[in-house]
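Subject: Structure handover

Hi,

Here is the structure I promised you. Please open it first, then read my notes below.

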Amino acid sequence: MRGPVGVLFAMLLTALVLGGAVPYGTGPGRAYLSYLVLAAQEDAAGAARAGAESRAAGGRVVQEYPQIGAVLAYATDGFADKVRARPGIAAVGATRTTPVVGPPRAVDGAGDFAAGRGRGRGSSEGSEGVEVRGGAEEGDRGSVEGVARRASDGRDGGTVTVPDPGEGGAWNLAAVHAGTGRPGDATGGAPSAEAMRRVLVAVLDSGVDDTHPDLRAAVDPKASASCADGRPDARTGSWRPDPGVAESGHGTHVAGIIGAGGRDGQGVTGVAPGVRIAAVRLLGPLGQYYAENIVCGMLWAADHGAKAINDSYFADPWKYNCPEDRDQAALIAAVGRAVGYAQRKGAVVVASAGNDGQDLGAARTDGRSPNDRVSGPATTRYLGAECIRLPGQLPGVVTVTAVNRDGRPSSYTNYGRGLVSLAAPGGDPDAGAQGAIVSDWPGGQYAVLAGTSMAAAHVTGAVAVAAALHPDFGSARLAELLAVTAAGACPAGAGGCGDRRVFGAGEVVLPR
């Protein structure tokens with residue numbers, strides 16, 4: 001294969017190999033994009049319709065989402081326009097901008113949203129960060145909303161680890177426990193261990209290392225899976241991070257903040273120790289959180305009974321999705337349907353506000369999209385307020401900003417009047433272990449990160465405590481309880497948490 005087409009395929013294969021094991025089949029000199037196809041009817045019949053129209057237009061359907069009337073299809077040029085013209089189709093959108101050599105390869109057992117529900121705990125039993133050097137998100141894409149300090153040897157993607165903190169010095173826990181006592185104590189109206197164990201929270205992220213001593217008892221294998229290619233894969237260990245992909249430790253750090261269990265003076269303790277964690281890996285082998293991965297993860301978590309779903313990332317390849325673009329409008333609709341489904345099933349969807357220091361209610365720039373390109377710089381986009389982050393700016397999502405140890409807004413945090421819900425500890429990326437967040441890291445280690453990713457995790461932990469105290473509450477009542485509790489702890493006046501553009505209702509504290 002010669003000329004520009006040959007160069008394209010060489011670039012594609014290089015990107016696939018560098019991103020981990022090649023997960024795609026091959027085609028005879030063809031380049032595929034992935035598409036989310038949404039029927040007008042948001043149910044299983046709608047999904048069947050979307051699938052039939054996709055196949056008729058030459059697409060290869062690799063996953064159906066009967067919960068929301070949608071499918072994931074791979075196809076070549078001209079597919080979207082063909083399907084958009086068909087009756088009963090509401091939207092079609094390409095979920096990536098750089099083609100691949102074929103659809104994902106078949107995986108035995110993948111694609112079943114009911115998988116794992118009857119499985120025991122299995123083998124794991126007993127077994128959005130900011131660079132901590134400045135305020136910008138990490139790397140060329142940095143979908144997660146947290147940033148690790150670079151390793152001293154300068155290796156790309158390295159993360160500075162710290163000694164076992166011995167459950168000490170956790171300023172962030174002191175902030176969320178203000179006046180409540182600690183979960184598990186007899187004081188402060190804390191829920192019982194039995195009540196906490198009945199609550200499941202889902203961590204949609206880069207994967208969670210369930211062999212970490214602090215998380216071994218927390219991660220529930222029967223509720224965990226990978227959605228790294230848009231298909232639920234519940235094979236044992238599929239939810240664990242891929243060390244070959246940058247940012248793969250992020251989900252373990254987030255999970256530790258939420259639900260790490262205390263170990264008699266060792267490790268870290270989470271906001272909600274004793275909670276069950278559904279580890280749902282979204283980060284794919286190419287280092288992206290594509291919309292189909294988010295849809296898959298949201299539906300998986302909802303169908304497995306999660307009471308809170310943590311989303312510390314933004315959707316790739318567009319940091320902000322604009323409704324005037326037909327592809328991006330379809331991604332907004334697809335992720336919006338999945339979020340709505342989860343909310344109706346009783347889950348509070350929690351998301352990081354982002355680390356750009358931008359007003360989400362104003363015009364802004366995006367200098368990083370599309371971030372799945374294989375070469376060349378991104379073109380700066382000048383965007384209006386109608387362009388939104390996914391999933392954080394969708395209706396009903398609890399969107400979380402970050403504050404430092406002194407309770408003041410972190411310099412990197414996004415904000416916006418009426419667009420953010422709560423503030424929580426995210427830390428200062430320049431303050432090290434004393435002013436950022438220490439939590440778990442793969443391989444039984446501990447790392448220091450700062451970002452709205454960490455802030456969102458604190459709120460997810462608070463939702464878990466609220467759900468344990470009030471098992472009859474639905475998602476709206478749980479979110480309202482957190483808002484009312486935060487507002488009650490916020491002093492009157494313009495200072496501190498009185499700035500609603502940054503704090504929303506206030507800084508999160510645990511309900512009683």
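Which backbone nitrogen does a side-chain oxygen of Asp325 reach at the start of α8? It is that of Asp327, to within 3.0 Å. A polar contact is a pair of N or O atoms within 3.5 Å; within protein, one must be able to donate a hydrogen and the other to accept it, and residues adjacent in sequence count only if both atoms are side-chain atoms.

Some ground rules. This is a predicted model: local features need pLDDT of at least 70, side-chain atom pairs count only at pLDDT 80 or more, and totals for chains, interfaces and linings use all residues. Residues are numbered from 1 along each chain as its sequence is written, and side-chain values use heavy atoms, without hydrogens and water.

Now the helix. Buried means under 20% relative accessible area, exposed over 50%, partly exposed in between (1.4 Å probe, protein chains only). Just after α8, Gly346 takes a positive phi of about 105°.

Next, the rings. There are three aromatic pairs (Phe, Tyr or the six-membered ring of Trp, centres within 6.5 Å; planes under 30 degrees apart are stacked, over 60 edge-to-face, the rest tilted). Tyr35 and Phe79 have centres 4.9 Å apart and planes at 50°, so this pair is tilted. Tyr35 sits in strand β1 and Phe79 in helix α3, 44 residues apart. Tyr35 is buried, at 6%. Phe79 is buried too, at 2%.

Best wishes

Terms used
Helices (H or I, at least four residues) and strands (E, at least two) are DSSP runs, numbered from the N terminus.
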